[in-house]
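This report is an introduction for a reader meeting the structure for the first time. It follows the strands, then the helices, and then the nonpolar cores.

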Amino acid sequence: MAKTVLVSGGAGFIGSHVTVELISAGYDVVVADDMSNCDLTCFEGVKKITGRDNLPFVKMDFCDLEAVHNLFAEYHIDAVIHFAAFKAVGESVAEPLKYYNNNLTSFMNLLTVAHAQKSGCNVLFSSSATVYGEPDVLPVTEESPRQPATSPYGNTKQICEDILRDCVKAYSEGEGALKGIALRYFNPIGAHPSGLIGELPRGVPNNLVPFITQTAIGKRECLSIFGNDYPTPDGTCQRDYIDIVDLAKAHVCAVGRMIDEKMENDYEVFNIGTGVPVSVLELVNAFEKVNNLKLNYKFAPRRSGDVTAIWADPTLANEKLGWKAERSVEETLAAAWKWEQRIAGK
Ligand code: UD1
């Protein structure tokens, strides 16, 4: 019988892509989302891509403990992937309580209920490379030290990792046993090649690729490249941009590792990146080239809180998860552009 995976925050950007890959790998999926930061566009897209018209969807807030209990009473959940969280770095600085309340409470509720199940549960937490701060040594491995978080958002990622580690340590055996994996994403970008699901930022995008595509389509006048005086080859920041479909597949590998009892430790952490640094300028140039257009951009002062350069050493994920990033930056940027054109109705 197919195993069932609960995807909290499953109607969002990463959650919808993960749902597609889980279904194509043969899992049953229950999508839960409070819809506070998305509409049904991606969920409808997932149903179209997978042909699952009856894909279970539960509109709920994970801060509501009773709702989480009810969800687990209705479905037998073998693994849960937790995306349901707020994610705007700047907003988290302005409204820390909103972030601590939501991101920590929802995750603790989930663990509380998962631990209350006789059969226990496998828990995958969506963490971020933001936990490494400004690294001293590149690329970063999972052993690289975590740095003090520079935002409440980043802090919630670190705290949730710690909560999961501690719960797994305390509850690894017997009834209600928990196993956990934290995936540290580098910079997820792109969209599904079908053009049916992608990123839908509300208001002015903070992240680079949605800002690029919105500028290209004419929604924004000009992209500001934040800083061209960094100590990098071309003066702009370097990141590890990971294709969203590749990233989604890493979740399928990680869930399989937990469900098939292949874990070497009850709590494991993996970097999910390509291992290749790409500068802002290189990304802009690649976008122009692959989509055959000119982007209006200018150099602007540095953005506060940005790190100069960070990219992953993904060896551990390559070896232990049997996962590797496969799609080129060009394919990824073509998919992002296809998606932007589709949502603009062009
Ligand atoms: C940020 C978050 C990270 C989160 C990720 C989600 C921090 C410090 N960063 O990463 O935790 O997981 O988003 O995708 O917490 N840029 C421009 N112009 C723009 C927008 C961005 O030049 O209009 C540059 C930035 O300076 C940066 C690069 O593009 O060098 C990537 O920025 P962004 O997409 O916002 O991601 P990060 O800041 O790396």
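## Strand pairing in the sheet

Strand E1, which covers residues 4–8, pairs with E4 in the parallel sense over four bridges, and within this pairing Val5 stands opposite Ala79 of E4. The model in which these pairings are found is a predicted one. E4 also pairs with strand E5 (residues 121–128), again in the parallel sense and over four bridges, and here Val80 stands opposite Val123 of E5. Further along, strand E6 (residues 178–185) and E11 are joined in the parallel sense over six bridges, with Tyr267 in E11 as the bridge partner of Gly180.

These pairings belong to an open sheet of seven strands in the order E3-E2-E1-E4-E5-E6-E11, with parallel pairing. At its edges are strand E3 (57–59) and strand E11 (267–272), each of which pairs on one side only. On average, and with direction ignored, neighbouring strands of this sheet are turned by 20 degrees against each other.

## Helices

The axes of helix H1 (residues 13–24) and H8 come within 8 Å and cross at roughly 60 degrees, which means that H1 is oblique to H8. The crossing in which H1 passes H8 is right-handed. On the H1 side the contact is made by Phe13, Ile14, His17, Val18, Glu21 and Leu22, while H8 contributes Ile244, Val245, Leu247, Ala248, Lys249, His251 and Val252.

Helix H6 (residues 152–170) lies across E5, E6 and E11, and runs at about 155 degrees to E5.

In soluble globular proteins, nonpolar side chains tend to be buried together. The largest nonpolar core in this model has 43 residues, of which Leu22, Leu183 and Ile272 touch the most other members. Helix H8 (residues 244–259) gives the most to this core, with 10 residues. A second core of 31 residues is separate, and includes Ala67, Val113, Ala114 and Cys160.

Which residues does Leu22 touch, not counting those up to four places away in sequence? With those neighbours left aside, Leu22 touches Val5, Val7, Tyr27, Val29, Ile81 and Val252.

Methods:
Residues are numbered from 1 along each chain as its sequence is written. This is a predicted model: local features need pLDDT of at least 70, side-chain atom pairs count only at pLDDT 80 or more; totals for chains, interfaces and linings use all residues. Side-chain values use heavy atoms; hydrogens and water are left out. A nonpolar core is a set of buried Ala, Val, Leu, Ile, Met, Phe, Trp, Tyr and Cys residues joined through side-chain atoms within 4.5 Å. Buried means under 20% relative accessible area, exposed over 50%, partly exposed in between (1.4 Å probe, protein chains only). Helices (H or I, at least four residues) and strands (E, at least two) are DSSP runs, numbered from the N terminus. Contact means heavy atoms within 4.5 Å. Two strands pair if DSSP finds at least two bridges between them. Axes are lines fitted to C-alpha atoms, for helices over the stretch in contact, and angles run from 0 to 180 degrees between N-to-C directions. Angles under 35 degrees count as roughly parallel, over 145 as roughly antiparallel, 65 to 115 as roughly perpendicular and the rest as oblique. A crossing is left-handed if the near helix is turned anticlockwise from the far one by less than a right angle, and right-handed if clockwise.
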